[in-house]
Amino acid sequence: MNRIILAYCHDNAEVAESIEQQLSRIGIPFEHITDQPAGQPDNFGKKLLDSEDPVVLIVTENLLKSRFCMSGLLTALQRLVRNRNLLAVVADGKTSPDGGTTFNYVETHFDRMGHALQYMNFWQTAWLDLSSRHQHASAEEKDILESEMNDVHLIANEIGEIIGALREAGHMTLPQLEADHYAAFFRQFGLQEWHEQYRRIATSIGQDDIPPIPKTAPQVALAETPVVTGPLAPEPADEEEPLAHIPAQNGQFRALDDLLHEMDAVEEPDSGFPALDLNLSGADLSEAEEEPEHRDIEAEIDQSIRDAWFWLDKGHSERGIELFKFAMEQYPESERLKNEYHAALEKLESKTEVAEPEETSSDIGQPMEPSENEAKSYELMGDMAAQKGDYLFAKYCWDRATEIDPNYPGIYRKLGLMTSEHLQDYRETAIHYLNMAIQANPDDAELHLALAGSSLQNGDSATAEKHYTQAVMLDPTLRTPGHDEQFHQTVATPAKPAIEITKLPEPPAAETAPSPKPVAEKRELLTVLVTGATSGIGRATAEIFARNGHRVILTGRRVERLVLLKTQFEEEFHTDVLMLPFDVRDQGAVHAALENLPESWQNIDILINNAGLAKGLAPIHEGNLDHWETMIDTNLKGLLYVTRAVAPGMVARRRGHIINLGSSAGKEVYASGNVYCATKFAVDALTRAIRLDLHAHNIRVSSVSPGHVEETEFAITRFDGDEERARIYNDFQPLKAADVAEAIWFIATRPPHVNIQDIVMFGTQQASATVVDRSGRK
């Protein structure tokens with residue numbers, strides 16, 4: 001080790017140069033490692049990993065958002081922290097609103113979860129943006145984007161660990177580094193004696209006035225001054241030149257040797273600097289190491305208490321108590337934590353009325369009310385924790401995701417399966433999670449089996465037997481002698497699904513009972529395209545096909561939701577999913593996406609034209625023209641654009657099925673529904689006309705026309721986000737999105753010679769488009 005590394009983002013070079021200018025006065029040589037945007041993205045991390053020398057890492061907003069700095073950084077950080085060769089210095093980042101003429105400085109924070117989430121969201125958003133660009137890129141552009149996507153995806157997965165490594169290493173701000181003549185720097189690397197000499201120079205002439213040694217001038221040691229020896233000593237100059245001959249800068253500074261001669265007259269000079277041996281295992285770090293673990297833990301406990309009380313004071317009692325519980329799991333020996341926790345419980349119990357949560361802002365200027373991105377960030381943090389076996393932290397993160405969005409896709413499934421398997425002390429909690437997950441996915445056999453196990457451990461053998469039976473009905477392969485013995489079961493594998501299953505993966509029984517094997521095993525693998533797949537009926541329809549093993553193409557405007565659905569379907573159903581982010585109203589986008597499908601996805605077997613909406617509810621003379629345009633463009637023209645792009649391939653192959661989502665509003669009109677009803681009447685007419693055009697080519701054309709359906713965004717979209725007006729289902733039970741999806745599944749799974757032309761369906765309390773029993777949910 002013969003030098004010290006200064007590692008930083010190139011945007012922050014002036015910080016590194018300032019540090020070097022100050023500390024190189026006494027002969028300490030530095031080497032700079034910075035990102036090179038024109039080079040390989042992992043060069044920065046690789047150079048740090050390969051170096052055996054101590055590193056001063058300048059952490060800024062720029063570095064944490066630079067792909068070229070972050071790629072490969074985690075492995076290097078972990079090695080540096082393990083070898084105690086790292087000094088992390090936090091400095092302000094900078095941005096240039098006009099491209100380089102002026103700069104704004106941005107504070108860098110990562111010491112709290114709210115700060116860390118900013119960077120996690122940044123990298124996740126970057127990956128989503130790249131994914132969207134990749135969908136419509138040329139083959140050459142895709143090769144470039146794929147490499148960048150891989151880097152960004154890895155960073156998005158590692159950013160939490162990178163921040164954790166920086167916290168573990170301990171860090172200081174730039175002013176803290178500069179304080180007391182860089183005392184922290186010298187102490188960190190065991191160079192206290194060097195610090196004393198530097199302090200004498202700095203206090204004599206002022207730290208800012210120490211003349212730098214010009215890089216072109218040879219560095220030499222003076223006999224009258226402390227001599228730099230050891231591994232950090234500079235290479236001998238070819239021609240020695242007295243330091244006094246170095247010109248003074250602007251006439252302001254005296255030669256360094258004159259200064260030291262004056263200092264020597266006052267104080268007997270040392271015989272020389274100690275050899276600058278940076279083998280930290282032998283360095284005197286007593287000042288820096290005085291009970292570091294104790295101080296760090298106490299600081300974390302302090303922060304946990306402050307965070308918990310912050311949420312409690314703002315009325316978020318559940319969040320505050322959960323933070324206390326999590327902290328106590330991490331620091332079970334802390335009496336202070338326990339006392340604060342009990343004080344919080346007493347305060348809550350003394351309240352007769354819990355205040356509504358207030359809208360606040362965080363200390364970094366971000367809204368405290370969590371966003372959809374924040375829920376996703378917590379999910380990813382939980383995923384990483386679970387992969388490492390840190391199940392308590394995974395539970396905490398996933399619980400936070402449910403608080404932010406109780407309907408977050410798949411989160412209760414993750415919580416239930418993990419808690420039941422790995423957190424035996426949380427049996428009742430696991431049962432709650434599994435019940436919540438089963439409500440969303442009643443035909444998930446794995447969930448029923450896990451709930452059976454947790455119920456049995458909780459002493460409820462009847463419930464355990466019930467859910468084991470359900471699991472076997474859904475997936476006969478789960479029945480084993482071991483499971484039978486465990487759940488005291490002697491049930492026979494059923495010949496057909498039980499009546500009480502609400503979501504059937506197979507169609508209703510015909511005259512002959514179906515095979516007990518899952519339907520997907522009996523049918524050929526189909527490629528199914530669903531428009532408007534990000535919510536409601538479209539999402540439920542895509543799920544039922546994916547659950548049964550078919551390949552699904554998801555389309556929609558919201559890229560984030562497409563990514564989440566793709567991930568969920570691939571993980572839960574182990575099927576292939578392609579996402580196509582586009583708006584069906586954009587004919588160019590529709591054409592580009594469907595004309596450039598990957599070869600393996602070009603043969604679409606089933607097209608489900610689901611995308612549609614209602615906007616406004618007003619008589620014709622008060623109608624909003626923008627609403628009319630949106631409904632016509634989406635419900636009618638969007639359906640035409642997609643059908644025109646997909647149908648030619650079906651004709652060429654002489655096979656295919658088009659299923660259009662109609663509406664009861666396409667069968668009978670209602671007051672103030674004028675344009676919406678017109679578009680749905682048009683869908684009904686188009687379905688009939690398309691069937692006449694394509695039946696000779698062996699293509700089936702069908703429609704499903706439901707009445708009121710909840711679990712969709714229909715009402716909230718119609719009323720432009722007005723939640724009060726959108727509460728139209730509170731006093732009766734309408735259909736659910738899954739009900740309509742099952743009807744579509746039924747149509748699609750008929751034998752090839754059968755074409756169900758139309759299904760009109762209502763909830764039991766709805767007799768027609770306008771006649772509804774609103775006496776309450778039955």
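**Exercise 1.** Which residues in H1 meet which residues in H8? Describe the geometry of this pair as well.

*Solution.* The model is predicted.

Step 1. From H1, the contact involves Val 15, Ser 18, Ile 19, Gln 22 and Leu 23; their partners in H8 are Leu 174, Leu 177, Tyr 182, Phe 185 and Phe 186. Sorted by class, the residues of this contact are eight nonpolar, two polar and no charged.

Step 2. Helix H1 spans residues 13-23 and helix H8 spans residues 174-188; their axes come within 12 Å and cross at roughly 30°. Because angles under 35 degrees count as roughly parallel, H1 is roughly parallel to H8.

Step 3. The handedness of the H1 and H8 crossing is right-handed.

**Exercise 2.** Characterise the packing of helix H26 (residues 625-653) against helix H27 (residues 674-694).

*Solution.* Step 1. The axes of H26 and H27 come within 9 Å, with a crossing angle of roughly 15°. The two helices are therefore roughly parallel to each other.

Step 2. H26 passes H27 in a right-handed manner.

Step 3. On the H26 side, the contact residues include Trp 628, Met 631, Ile 632 and Leu 636, and on the H27 side they include Val 675, Tyr 676, Val 683 and Leu 686. The class count for this contact is 14 nonpolar, four polar and one charged.

**Exercise 3.** What is the volume of the second largest pocket, and which residues lie nearest its centre?

*Solution.* Step 1. The second largest pocket holds about 1700 Å³ of space.

Step 2. Its lining consists of 47 residues, and Asn 407, Gly 536, Arg 539, Glu 711 and Thr 712 are those nearest the centre.

Step 3. Several helices give two or more residues to this lining, among them H17 (411-422), H18 (427-440), H23 (536-547) and H24 (559-573).

Step 4. By class, the lining residues of the second largest pocket comprise 20 nonpolar, 11 polar and 16 charged.

**Exercise 4.** Helices H17 and H18 both contribute to the lining of that pocket. How do H17 and H18 cross, and is the crossing left-handed or right-handed?

*Solution.* Step 1. The axes of H17 and H18 come within 8 Å and cross at roughly 145°.

Step 2. The crossing of H17 with H18 is left-handed.

Step 3. H17 supplies Tyr 412, Arg 413, Leu 415, Gly 416, Leu 417, Thr 419 and Ser 420 to the contact, while H18 supplies Ala 430, Tyr 433, Leu 434, Met 436 and Ala 437. These residues divide into eight nonpolar, three polar and one charged.

Terms used. Residues are numbered from 1 along each chain as its sequence is written. This is a predicted model: local features need pLDDT of at least 70, side-chain atom pairs count only at pLDDT 80 or more; totals for chains, interfaces and linings use all residues. Side-chain values use heavy atoms; hydrogens and water are left out. Axes are lines fitted to C-alpha atoms, for helices over the stretch in contact, and angles run from 0 to 180 degrees between N-to-C directions. Helices (H or I, at least four residues) and strands (E, at least two) are DSSP runs, numbered from the N terminus. Angles under 35 degrees count as roughly parallel, over 145 as roughly antiparallel, 65 to 115 as roughly perpendicular and the rest as oblique. A crossing is left-handed if the near helix is turned anticlockwise from the far one by less than a right angle, and right-handed if clockwise. Contact means heavy atoms within 4.5 Å. Ala, Val, Leu, Ile, Met, Phe, Trp, Tyr, Cys and Pro count as nonpolar, Asp, Glu, Lys and Arg as charged, and the others, Gly among them, as polar. On a 1 Å grid over the protein atoms alone, a cavity is a set of points where a 1.4 Å probe fits but cannot get out, and a pocket is an open set with protein on both sides within 12 Å along at least five of seven lines; lining residues have an atom within 4 Å of a point. Grid points are joined across faces, edges and corners, and a volume is the space filled by probe spheres set on the points.
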